[in-house]
Amino acid sequence: MKTLKDTKADFRRKPEWLKIKLPKGFKTQQVIGLLNEKGLHTICSSGMCPNRAECWGAGTATFMIGGNICTRNCRFCNVTSGKPLPLEAKEIDDICESVKDLKLKHVVITSVDRDDLPDGGASHWASMIRSLHEKCPDVTMEVLIPDFKGKKELLDIVIAERPDIISHNLETVRRLTPDVRTFATYENSLEVLRYLSSKGVKTKTGIMLGLGETREEILQTMDDVLAAGCRIMTIGQYLQPTKENYPVQDYIHPDVFAEYAEIGKNKGFRHFESAPMVRSSYHAERHIH
């Protein structure tokens, strides 16, 4: 196990395969300009995603609803935690307009956790999905939802609006969940996936590597996900956003990620993305088909 001194050194020095290309080009500037103009939030920017230039160039973006302040304080996450502001209906209209202005083909919607609201923001989610269906009927959609504390009646509100994919991330293996996530549990997230699948929903999940998990735990997580009825999974390298976040325990070589991709496909996943730079929304437009 690495010492604190080692992890601080790792925070400064990453392997060659983890060098990130900064977003550039017309499409990137167009997206950033529109986000700033409308005051919108994307997890692409808030989560410092290394693939945002590639996704934006391919006509895909991940918008974050419910504001940009989360009621939880997960140790891996770079999103601000605290007391959120009231929900704004204008956020929904602005996102729909932005999707049309940017001529996006596929949209991923995610949100901060809103444990401050009686319904966890489920009705706001429903309004967002409904508006996208109505105003952007040719755009495909994935929604990356919180766990809603496992309340099935809240999950039903989202299911009823028929997004193309409903995604919920496990984030890490069972053993590390209490150290990495706030409030959320491994079993509760599995149950969310299980319930969605039982309703005929196309489901998806993802985990990060480099938090201290073992190979056996990764393979067990794959089996758990499959047993829950989920057939789309992503695996990527955890990158410590700041020195205050959970420290990276290991940088996983691309060859190991490629091996996990092969294992995942052999286990029966319909689509399996596994590489250091993969994030839950990476190549999301391909997961629809």
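Author: Start with the contacts, meaning heavy atoms within 4.5 Å. Of those in the protein chain with a separation of 6 or more, 75% join residues 24 or more positions apart. This is a predicted model, where local features need pLDDT of at least 70 and side-chain atom pairs count only at pLDDT 80 or more, while totals for chains, interfaces and linings use all residues. Residues are numbered from 1 along each chain as its sequence is written, and side-chain values use heavy atoms, with hydrogens and water left out.

The protein chain has 12 helices and 10 strands. These are DSSP runs, numbered from the N terminus: helices are H or I with at least four residues, strands are E with at least two.

Now the close look. Helix 10 spans residues 215-227, and helix 11 spans residues 254-267. Their axes come within 11 Å and cross at roughly 35 degrees. Axes here are lines fitted to C-alpha atoms, for helices over the stretch in contact, and angles run from 0 to 180 degrees between N-to-C directions. The crossing of helix 10 and helix 11 is right-handed: the near helix is turned clockwise from the far one, by less than a right angle.

Which residues meet? Helix 10 brings Arg215, Ile218, Leu219, Met222, Asp223 and Leu226. Helix 11 answers with Glu259, Tyr260, Ile263, Gly264 and Lys267. The residues of this contact divide into 6 nonpolar, 1 polar and 4 charged. Ala, Val, Leu, Ile, Met, Phe, Trp, Tyr, Cys and Pro count as nonpolar; Asp, Glu, Lys and Arg as charged; the others, Gly among them, as polar.
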